[in-house]
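Here are some notes for a colleague who has not looked at this entry before.

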Amino acid sequence: MSTSPLGASLNRIDGRLKVTGAATYAADVHPGRVAYGYMVSSTVASATLESMDVAAARSAPGVLAVYTPFEPLKINVPYGPFRTSWAPLQDREVHYMGQPIGFVVAETFEQARDAAMLVTARYQERTPKTSLEDGIPGATTPPQVDGEPATLAFLKDGVASIDEALAAAERVVTATYSTAAQGHSAMEPHSAVADWKDGALTIYSGNQGAGLQAADVAGALGVEPAKVRAINPFVGGAFGGKVYTYPPTLLAAVASRALGRPVKAVLSREQNFRMTATRPATVQKVSLGARPDGTLTAMKHEAWSSSSVILPGTEASAHHSSRSWYASENIGVSQRTVPLNVPPTTIMRAPGEATGGWALETAMDELAVELGVDPIALRQKNYQTRYPGRDVPYSSKHLDECYTLGARRFGWDRRPATPGSRLDGDWYTGMGMATAIYPAFRFPASMLVRLHADGQATVSGSTGDPGTGMWTVLSIMGAETLGLPVHRVRGNLGDSTLTPGGFVAASSSTASVGSAIVAAAEEVKRKLIELAVTDTRSPFHGRPAEDVRYQNGDLVSGGRRLGFGALLRTVELTGVEAVGSSAPGPEARAHAFASFGAQFCEVRVNRWTMEPRVTRMLSVMDAGRVVNAKTARSQIVGGMVWGLSAALHEGLHVEPDGRIANGDLAGYLLPVNADVREIDAVFVDHPDLTFNPVGARGIGEIGVVGMAAAVGNAIFNATGKRLRALPMTIEALLG
Amino acid sequence: MRAFTFAAPASVEAAVGGDATTAFLAGGTTLVDLMKLEVLTPSRVLDINALPLRGIETGRDGLRLGALERMSDIAAHPAVAERYPVIAQALLASASQQIRNMASIGGNLMQRTRCGYYRDVTVPCNRREPGSGCPAAEGTNRPHAVLGTSDACVATHPSDVAVALVALDATVRLRDAAGTRTVRLADFYRQPGTTPHVENVLRPGELVTDVLVPALPWARRSVYLKIRDRQSYEFALCSAAVALDVRGGRVAGARVAAGGVGTVPWRLPAVEAALRGRPARQETYEAAARQAVRGARPLTHNAFKTTLLRRTIVRALLSLEAGA
């Protein structure tokens, strides 16, 4: 008998490859005759290019080609499944500082880089728009947010507006919160190796879905989707920053076609900060109205977010938090966007939830202080069981258990009752908490399960593993559904020619891919039994199919038992396989789905120099069934550090002229190990079988959601100082 | 990175005497970075790692450090940690273990400012390109200096250990083709004035060979306190190197220097004077620390540094008192 691997703590199957450097990332691919491309960046943020002088670059040693908007490589716009409307070098407009305005291809990386530095440009400059605050009066209204209007209100009968509800509230707290723009800058920089051969392209480039990338690149090249093969088995971090296709991939692809040889383009860290992917900055105004007992009667959350000019988007801070998190008689949310001359804004881990959670969960803490009630009690008082606007229940919600278990584990009863009242030596100490909620998504996915004559099984699809643990999930899910030990199941992913396994985004892939594997495994077992009873060489030949059972890799009927490998050898087949597909079904109409959590933090703030240091963090998560305890914990812990980073360290500093003042890893601060002391993540175990047959919900993003507010609330508890702008700095505490 | 010639001279005599386009390469942790950014564009790079500029020696006269000794080795030396804790602590608060394993003490003293405009060749900088202007005066100047600044430059000196060494009256021995000379470290650095590109008194082709720290028995009670935006691997917003000689409850002697706030490692004699002879207690420290910010010129984003400097000094002094 095999034991179910579901929920066990397994090392990453690809872990050894990664830590020994054996895993092949895109830039590690070295096709013969590969040439190297290097970007030329704009040095102004808003302009029309008047001219460019590329003569020196073109005659520099080893240079094969210099492409600019004046001598471009054609890229079809819009392209791909997202109908992306901008591509590099297609026009002379400059929309942000650091925008690619040229692409130099040479025999070596150094030759390309050195030649790129010889390119000069003349601009007809405009005054760039770079301040979110200044842009708020002229903010634009996005056409929709998640398919809903940008301004939404859920009001009690007889209430005319959210403002009327607030005016009638017995107690109100109102405050404005802000968050800094963040740069993605994954450990693996955006990079690509493109190899155009015989009318078809192979592209190696880290991305969140090989199928998605192949479709994007085929669209950009104007070729049939089947002519592009995208390969990215290992991706060094993505988090939303590699959903779309970025300039190195597009330019390497078109340059390879133009030059008839492979082209590699790898961004420098400084370029990565400036020409790829950032989380918008936000300003958010939150008003909470309540009765003295803590019952919320009105919640109003207005959010403004920055956006790049070229790829507009909205950080849905209000829609992704106050819209649904608490049971209030009246709820009003709105989103506005301020297009700026800043690097491309995009999705980043918990888009909307992370920034909105900061504002809402800080406001809830402020309300708890105002009313003199415990912050956890305030949240329990307003516990939401249904989804506003759709009036459906959550499929499975055990947030209450997260609150009580978290409070007990963290020692919440030892929290100082009065802010600023506890000194440990020279250090103020305090605790804070916050709620974390992230919706659970499931997208269509297909996976192939194949049983081999050697007794092994493979599970494959074009899904990806940008560090999330999908390689290991494939083996676990294959082992679970086939009743095999994990070592008998191999995964395969990150190749657009595999079965269309969907993409890795929105914390959806384990639920989506896992469900497809369940379906594929059932189908392959059925096919195996059919083979067993119909092939004349099979010992089960002629028996009714319903009399043959599949059990842990064996077929069993009467007194006979035979492994699938032996059966396949007997009937002289190398294998039997089946594709399973899964997509949301009717359950999606009757329920809302989300993961939930309670997050806790303890801080110390020095009473002289006021630097805040986090000493303990805890998350208690209700995320359905945990597939791999080890990588699941890693996901949550990683999210928590991300939130800590947003709270105390991280922020892209955009100067008035559009220059990024801290676009490298020396200036752009992230927590180091010494900033992360005790950290723990635990799960309450409630498989969500209404959501999908695996019972798993997303865990990739929820870890970040409440952490910044928990830190800020702990700082308030420690010092009595309420900080409303991220990151929270020493000077804000000294002031 | 621009093309350059490379050599590894076998002797100090062969290494010195070059012109201003020659750069010495020790650990390379600053030089190579800045060459990649094209902030520094030497036409000749001399690898000096084979030169006999080694040794960590303690004796009655004090401490001698060969210029090529690695930061990590000095920090781990028992006599340094025992007699000059402020030096060991300043080293351990610097950079990362990997960088400390590579970087030499001589190179540490020669490291360049972390001003973002200095490091970005697409913008003006008087230190990098004399007369081109100073965007930091009105720009992103949170990390910049409030002491020793000029209209031409407001960049901080980044070294931690230089602050400790200045507090301890250290000197550096210099060698060029003409011979050897010794300069107080406090005099080695030049405040920017109207010539911020002249960072120190080194002549072209002159090499730092030794760092000498005089004996100071009461430096055993010394501390380096560094305040920064994260717990490790980050430059100081403000730091204090402090040594305190307390006898009979009174301050008999004090050494105080500050980092992260000055254009050079910043000795604070007025603070020392305000401590001497007074009772060793918080009120004395707070009064003395107020002397630290006399003449400070805060910029648009770093006004907090004057408050932080006072408090850092008080906290450092209190920490020594607590250890008494």
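1. Domains of chain A. In this predicted model, the domain assignment divides chain A into domain 1 (31–127 + 185–276), domain 2 (129–183 + 277–384) and domain 3 (443–583).

2. Contact between domain 1 and domain 2. The C-alpha centres of domain 1 of chain A and domain 2 of chain A are 37 Å apart. Where the two touch, 16 residues of domain 1 of chain A are in contact with 16 residues of domain 2 of chain A. On the domain 1 side, that set comprises eight nonpolar, seven polar and one charged residues.

3. A five-stranded sheet in chain A. Five strands of chain A form an open sheet in the order 7-17-16-15-8, and their pairing is mixed. Strand 7 (151–154) and strand 8 (171–179) of chain A are the edge strands, each pairing on one side only. From one strand to the next, the twist averages 10°.

4. Which strand of chain A pairs with strand 8 of chain A over nine bridges? The partner is strand 15 (residues 282–290) of chain A, and the pairing is antiparallel. Within strand 15 of chain A, Gly289(A) is the residue that stands opposite Val172(A).

5. A helix across the sheet. Helix 9 (residues 353–371) of chain A lies across strand 8, strand 15 and strand 16 (296–308) of chain A. Relative to strand 8 of chain A, helix 9 of chain A runs at about 145°.

6. Helix 3 of chain A. Which residues of helix 3 (residues 109–116) of chain A are buried? They are Gln111(A), Ala112(A), Asp114(A), Ala115(A) and Ala116(A). An α-helix has 3.6 residues a turn, so residues three or four places apart point the same way.

7. Chain B as a whole. Chain B contains twelve helices and twelve strands. Its C-alpha atoms fill a box of roughly 60 × 50 × 35 Å along the principal axes. The radius of gyration of chain B is 19 Å, which agrees with a compact globule, because 324 residues packed that way would give a value near 20 Å.

8. Burial and contacts in chain B. Of the 324 residues of chain B, 52% count as buried. Among contacts in chain B between residues at least 6 apart in sequence, 64% link residues at least 24 apart.

How values were computed. Residues are numbered from 1 along each chain as its sequence is written. Chains are lettered from A and ligands numbered from 1 in the order in which they are written. This is a predicted model: local features need pLDDT of at least 70, side-chain atom pairs count only at pLDDT 80 or more; totals for chains, interfaces and linings use all residues. Helices (H or I, at least four residues) and strands (E, at least two) are DSSP runs, numbered from the N terminus. The radius of gyration is taken over C-alpha atoms; the globule rule is 2.2 Å times the number of residues to the power 0.38. A residue is buried if 20 or more other C-beta atoms lie within 10 Å of its own, exposed if 12 or fewer, and partly exposed in between; C-beta atoms are placed from the backbone. Two residues are in contact if their C-beta atoms, placed from the backbone, lie within 7 Å. Domain bounds come from an automatic or database domain assignment. Ala, Val, Leu, Ile, Met, Phe, Trp, Tyr, Cys and Pro count as nonpolar, Asp, Glu, Lys and Arg as charged, and the others, Gly among them, as polar. Two strands pair if DSSP finds at least two bridges between them. Axes are lines fitted to C-alpha atoms, for helices over the stretch in contact, and angles run from 0 to 180 degrees between N-to-C directions.
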